[in-house]
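Here are my notes on this model, point by point. Please read them with the structure open.

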Amino acid sequence: MKIDQFNFAGKKAIVRVDFNVPLDENGNVTDDTRIRGALPTLKKILADGGSVIMMSHMGKPKGKVNPKLSLSQIVKNVSEHLGVEVKFAPDCANADKEVEALKPGEALLLENLRFYPEEEGKPVGIDKEDPKYDEAKKEMKARQQEFAKKLASYADCYVMDAFGTAHRKHASTAVIDEYFDKDSKMLGYLMEKEVTAVDNVLGNIKRPFTAIMGGSKVSTKIGIIENLLGKVDNLILCGGMTYTFAKAQGGKIGKSICEDDKLDVALDVIKKAKENGVNLVLGTDCIAADDFSNDANTQVCPANDIPDGWEGLDAGPETRKAFADAIKGAKTILWNGPAGVFEFDNFIGGSKAIADAIAEATANGAFSLIGGGDSVACINKFGMADKVSYISTGGGALLEAIEGKVLPGVAAINE
């Protein structure tokens with residue numbers, strides 16, 4: 001069922017949102033992007049004359065009540081954005097009274113789902129090596145089923161609108177749907193946009209297709225890189241990964257970050273790129289520093305010839321130019337991971353060069369998808385969020401989708 005085709009009049013809708021927002025020491029929301037992202041779905045339900053029950057996690061309380069991770073702290077913020085006074089249920093598994101009192105046009109926020117271990121469905125307080133682990137896992141799965149059934153009992157219909165958790169098989173994302181027929185469960189507007197954005201990049205490719213993969217470790221990105229090698233025309237690998245590739249090819253990298261146990265993997269990526277006719281763009285020069293600090297002394301040097309005691313912290317001028325050339329002519333662009341230690345203002349040049357090139361390509365008609373916390377933070381830091389096609393709210397979920405994995409939270413709705 002499509003949310004646009006559904007009439008929520010007189011119905012109670014339980015919506016999985018992602019309100020895992022950052023708070024300051026006083027419990028004030030410091031970035032409300034995720035709350036704003038859920039508004040179109042929530043307002044559609046209320047405008048139709050339905051009532052909305054919002055459920056979300058916050059942080060990692062590991063199945064225990066933690067007042068610092070209570071969603072009660074964001075009620076005021078959600079109320080202001082939604083334009084109605086949001087009621088609060090202090091126990092998500094015992095909210096019958098609050099749900100019963102809910103009238104059409106009203107909204108209720110449930111307490112943090114992860115205060116219950118049943119949400120994640122993982123046995124607590126027992127190691128995987130323990131002989132009783134399988135039995136504990138089976139018991140927890142049964143409890144997870146009951147927890148999902150309880151959440152489902154609050155509503156007439158279910159809306160999944162939390163892309164950031166769509167890769168998790170949790171009670172509220174991929175078990176609760178079993179208690180609603182196919183005409184009473186649907187993706188929210190944010191989820192629809194996310195799924196469409198990923199499909200535009202991977203399933204509806206306009207060429208040339210350039211993907212930029214950054215970050216410190218090859219190991220965390222290898223599945224994505226291998227999947228992209230069969231799809232892209234240009235693959236830019238940057239950030240800390242640069243030095244693993246440089247060392248794998250016999251380079252000297254000083255004290256730069258490197259995964260010594262992934263040198264063979266790096267060489268295999270180079271080989272596969274050649275076999276697939278992919279233009280693999282690696283850093284040729286870098287901004288090296290004598291300390292991991294914004295105020296460190298710096299020098300430009302070859303990425304494969306860094307002096308002892310120095311480490312590469314950003315892409316150099318020649319590398320930035322090569323990156324820009326591979327991006328500017330593209331019609332489909334995916335960016336995940338910075339080109340340097342962008343948290344330090346003196347080492348943002350490589351990431352800024354990527355962002356500028358993406359903005360220029362987007363202005364010339366390319367579809368650009370930015371995903372992953374650090375890339376999104378870069379775009380926001382540069383004030384360029386309106387210069388790209390789409391910014392994904394999902395970190396791990398986006399990466400798993402790019403890797404070609406089926407997301408449980410999406411599959412559950414489509415079953």
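1. Is Ser51 buried or exposed? Ser51 is buried, at a relative accessible area of 2%. Buried means under 20% relative accessible area, exposed over 50%, and partly exposed in between, with a 1.4 Å probe and protein chains only.

2. A word on the source. This is a predicted model, where local features need pLDDT of at least 70, side-chain atom pairs count only at pLDDT 80 or more, and totals for chains, interfaces and linings use all residues. Residues are numbered from 1 along each chain as its sequence is written, and side-chain values use heavy atoms, leaving out hydrogens and water.

3. Back to Ser51. Ser51 sits in strand β2 (residues 51-55). Its contacts include Lys11, Lys12, Ala13, Ile45, Leu46, Leu102 and Pro104, with residues up to four places away in sequence not counted. Contact means heavy atoms within 4.5 Å.

4. The chain holds 15 helices and 17 strands. Both are DSSP runs numbered from the N terminus: helices are H or I with at least four residues, strands E with at least two. Of the 415 residues, 53% count as buried.

5. Look at the open sheet. Six strands form it, in the order β10-β8-β7-β15-β16-β17, with parallel pairing. Its edge strands are β10 (279-282) and β17 (390-391), each pairing on one side only. Two strands pair if DSSP finds at least two bridges between them. Two bridges join β16 (residues 367-370) to β17. Leu369 stands opposite Tyr390 in β17.

6. Two backbone details deserve a look. The peptide bond from Arg207 to Pro208 is cis, with omega near 5 degrees. Lys62 has a positive phi of about 55 degrees, although it is not a glycine. Lys62 lies in the loop between β2 and α2 (75-82) and is exposed, at 63% relative accessible area.
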